[in-house]
Amino acid sequence: MEFQYCPHCGTKATPKETGDEGMVPWCPVCQQPLFPMFSACTITLAVDEEAGEAALLRQSYISTQYHNLVSGYIKPGESAEECAAREVEEELGLKAESLTLTGTYWFGKKDMLMIGFIARVRKQAFHLSGEVDQAAWVPLDQVLGLLHPYPAISYRVAQSYIEHRNQAAPATI
């Protein structure tokens, strides 16, 4: 969100050269830059490595055609890791045993920074939140085919895990 007015005093912002940041909105009354604000959320692939499966969700308010991953907004005072673990538990009823960061992804459509994780969980029955229409355990070799294609962020998070897992797997003869 780009500021046109100061959120503190309501004065109309004016562009001002601000160091390495270049031209930014500036409040002449408060004497401070008004840097853009954006939302931050997590997007998480829940995986049971022993079963070789991942939990994929169906949420009609996101897509009626593709499955998706667990996602949610980071709450004030919460770390990205805490958010990812909380969302896996809230949406699927699964406890994250460990989390691995896959990267950060800009989602321009919603002016949002998405922080990707892999959550290692144990396969069990789901206890779905009201936000989730359905969830299913899916073999890892089928996951990418059920997600919105590349460059969708869900695809990129899952792809990073699957490619790393395949590289780490010992060769068979």
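Start with Glu97 and Arg122: their side chains meet in a salt bridge, 2.7 Å from N to O. Salt bridge here means a side-chain nitrogen of Lys or Arg within 4 Å of a carboxyl oxygen of Asp or Glu. Glu97 sits in the loop between helix 1 (80-92) and strand 7 (98-107), and Arg122 in the loop between strand 8 and strand 9 (134-139), so the pair ties together parts 25 residues apart in sequence. Helices (H or I, at least four residues) and strands (E, at least two) are DSSP runs, numbered from the N terminus.

How accessible are the two? Glu97 is partly exposed, at 47% relative accessible area. Arg122 counts as exposed, at 51%. The cut-offs: buried is under 20% relative accessible area, exposed is over 50%, partly exposed is in between, with a 1.4 Å probe and protein chains only.

A word on the source. This is a predicted model: local features need pLDDT of at least 70, side-chain atom pairs count only at pLDDT 80 or more, and totals for chains, interfaces and linings use all residues. Residues are numbered from 1 along each chain as its sequence is written, and side-chain values use heavy atoms, leaving out hydrogens and water.

Next pair. Arg120 and Glu49 form a salt bridge, 3.1 Å from N to O. They link distant parts of the chain: Arg120 is in strand 8 (residues 112-120), Glu49 in the loop between strand 4 (39-48) and strand 5 (53-58), 71 residues apart. Glu49 is partly exposed, at 37%.

Now Arg86 and Glu87. Their side chains meet at 2.9 Å, N to O, in a salt bridge. Both residues are buried. Shared partners join Glu78, Arg86, Glu87 and Glu90 into one salt-bridge network.

The count by this rule: six salt bridges.
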